[in-house]
Amino acid sequence: MSVHTSLDDLSLDIRKPAVCVTLISKWVTITGTMLKKSAMVFADQKGTTIEGTLYEEFKASNQITMDEGDWFVIRNFKLTTF
């Protein structure tokens with residue numbers, strides 16, 4: 001599996017995509033069913049942004065520190081268009 005450095009390189013037919021991004025912003029909201037949703041905005045090396053959503057907060061036992069400005073490789077996510 002190759003890691004892309006640009007979101008522009010991704011397409012809907014890539015299986016198990018992976019891209020290197022930096023965390024721009026993150027926040028937590030409550031859905032209508034009272035489930036906590038963590039939302040994040042990431043940017044690639046060119047500054048193209050993508051929004052990510054997790055429907056559970058990270059548990060303390062699996063704690064992952066995600067600070068704004070940190071770089072990550074995100075893998076195996078679902079691409080959708082709208």
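Select T22 to begin: beyond its neighbours within four places in sequence, T22 is in contact with V41, F42, A43, G69, D70 and W71, where contact means heavy atoms within 4.5 Å. You are looking at a predicted model, in which local features need pLDDT of at least 70, side-chain atom pairs count only at pLDDT 80 or more, and totals for chains, interfaces and linings use all residues. Residues are numbered from 1 along each chain as its sequence is written, and side-chain values use heavy atoms, with hydrogens and water left out.

**Stop 1: around T22**

Stay on T22 and colour strand β1, residues 18–30, which holds this threonine. Strands here are DSSP runs of E with at least two residues, helices are runs of H or I with at least four residues, and both are numbered from the N terminus. Is T22 buried or exposed? T22 counts as buried because its relative accessibility is 10%; buried means under 20% relative accessible area, exposed over 50%, and partly exposed in between, using a 1.4 Å probe and protein chains only.

Now show the side chain of T22 together with the backbone of G69 and D70. The T22 side chain reaches the backbone oxygen of G69 at 3.2 Å, and it reaches the backbone oxygen of D70 at 3.1 Å.

**Stop 2**

Next, select F42, which sits in strand β2. With a relative accessible area of 5%, F42 is buried. Not counting residues up to four places away in sequence, F42 touches V21, T22, L23, I24, T48, T49, I50, G52 and M66.

**Stop 3: the hairpin**

Follow the chain onward from F42. Strand β2 (residues 36–43) and strand β3 (residues 49–54) run antiparallel and are joined by six bridges; two strands pair if DSSP finds at least two bridges between them. To see one of these bridges, select A43 and its partner in β3, T49. What lies between β2 and β3? The two strands form a hairpin with five residues between them, and in the turn G47 has a positive phi of about 95 degrees.

**Stop 4**

Move on to T65, in the loop between β3 and β4 (71–75). T65 has a relative accessible area of 48%, so this residue is partly exposed. Leaving out residues up to four places away in sequence, T65 touches D70 and F72.

**Stop 5**

Select H4 and K16 together. H4 is found in the segment before β1, and K16 lies in the segment before β1 too. H4 counts as buried at 17% relative accessibility, whereas K16 is partly exposed at 48%. Beyond its neighbours within four places in sequence, H4 is in contact with D9, L10, I14, A18, V19 and C20. For K16, check the backbone: its phi is near 50 degrees, a positive value in a residue other than glycine.

**Last stop: the whole chain**

Zoom out and show the cartoon. The chain has zero helices and four strands, running β-β-β-β from the N terminus on. Of its 82 residues, 28% are buried. Among contacts with a separation of 6 or more, 44% come from residues 24 or more positions apart.

Technical notes. A polar contact is a pair of N or O atoms within 3.5 Å; within protein, one must be able to donate a hydrogen and the other to accept it, and residues adjacent in sequence count only if both atoms are side-chain atoms.
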